[in-house]
Amino acid sequence: MKFLITAGPTREPLDPARYITNRSSGRMGYALAGAARHEGHEVMLISGPTHLDVPPGVDFLQVETAQQMYEAVRDYSKGADVAILCAAVADYRPVAYSEQKIKKVGERLVLELERTPDILGSMRSVFGFRGYLIGFAAETQDVETYAREKLVRKQCDMIVANDVSRSDIGFDSRDNEVVLVFPDRCEYPEKDTKEHIAMHIIEHATILRP
Ligand code: CTP
């Protein structure tokens, strides 16, 4: 089977020296790519900037901005059987890019931001993706409720949800504890390394794909 996986943060440039980003390390997405490859699948990993090594045998495309990731996913989703959008895409980017470094003037600076394209939300409605679609949800409260709402709104087959208010899991940590939200049920795997959770998710994707 062919897997398309996104990982890592995006960077939204403000001027030649600065950008807006987030705390994603990319570990979960890279673990998913490694696990899918280990199971013998063909894997395309599209990633924002990280410090991680690309798992052996995985095809790789590095991008920087949400817009670049959107275009790459649009192009590579065509032949994929399973898409796992794990990247922590910036939801907003600066409206204007300054060609010159912004100088400090005054005590306050107001930045105007605009929405980035919703890649996961475009998979069915814009890209016409018909394969098995997995999204991620990083929540700080009512994890299951928000995740289920995302599952329906973005027409996913599975949402992998985690509670990012906890410091022992999620962003930048070795372990993760997730809730797997399906259209008809939820599953609660035990807290484990991101590699083990990745194997579990890949198994589900392989079995449940129509
Ligand atoms: N995502 C995406 N493109 C974006 C923002 C998010 O593809 N511009 C994807 C992420 O890769 C993840 C899922 O959407 O799989 C969840 O993103 P999140 O930002 O948590 O969800 P939103 O629906 O944007 O809602 P909110 O941020 O308000 O919780």
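How many bridges join strand β12 to β13, and do the two run parallel or antiparallel?

Mentor: Strand β12 (residues 178–181) is joined to β13 by 2 bridges, and the two run antiparallel. Val 181 has Cys 186 of β13 as its bridge partner. Before going further, please note that this is a predicted model, in which local features need pLDDT of at least 70 and side-chain atom pairs count only at pLDDT 80 or more, whereas totals for chains, interfaces and linings use all residues. Residues are numbered from 1 along each chain as its sequence is written, and side-chain values use heavy atoms, with hydrogens and water left out. Helices (H or I, at least four residues) and strands (E, at least two) are DSSP runs, numbered from the N terminus; two strands pair if DSSP finds at least two bridges between them.

The sheet to which these strands belong is open and has 8 strands with mixed pairing, in the order β5-β4-β1-β6-β9-β10-β12-β13. Its edge strands are β5 and β13 (186–187), each of which pairs on one side only. Two helices pack on this sheet. Helix α2 touches β1, β4 and β5, and its direction makes about 165° with that of β4. Helix α4 touches β9, β10, β12 and β13, with a direction at about 150° to that of β10. Contact here means heavy atoms within 4.5 Å, and the axes are lines fitted to C-alpha atoms, for helices over the stretch in contact, with angles from 0 to 180 degrees between N-to-C directions.

Within the sheet, β1 is joined to β4 by 6 bridges in the parallel sense, and Ile 5 has Leu 45 of β4 as its bridge partner. With strand β6 (residues 82–85), β1 pairs in the parallel sense over 4 bridges; there Leu 4 is partnered by Ala 83. Because 5 of the 6 residues of β1 are buried, β1 is largely enclosed by the rest of the structure. Buried means under 20% relative accessible area, exposed over 50%, and partly exposed in between, with a 1.4 Å probe and protein chains only.

Helix α2 (residues 66–76) has as its buried residues Ala 66, Met 69, Tyr 70, Ala 72 and Val 73. Their cover includes β1 (2–7), β2 (12–15), β4 (42–47), β5 (59–62) and α3. In an α-helix there are 3.6 residues a turn, so residues three or four places apart point the same way.

Lys 154 counts as buried because its relative accessible area is 15%. Leaving out residues up to four places away in sequence, Lys 154 touches Asp 118, Leu 120, Gly 121, Arg 124 and Leu 133. An N or O atom in the side chain of Lys 154 is 2.9 Å from an oxygen atom of the ligand, within the 3.5 Å limit for a pair of N or O atoms that defines a polar contact.

Definitions and conventions: Polar contact = N/O pair within 3.5 Å; in protein donor to acceptor, adjacent residues only side chain to side chain.
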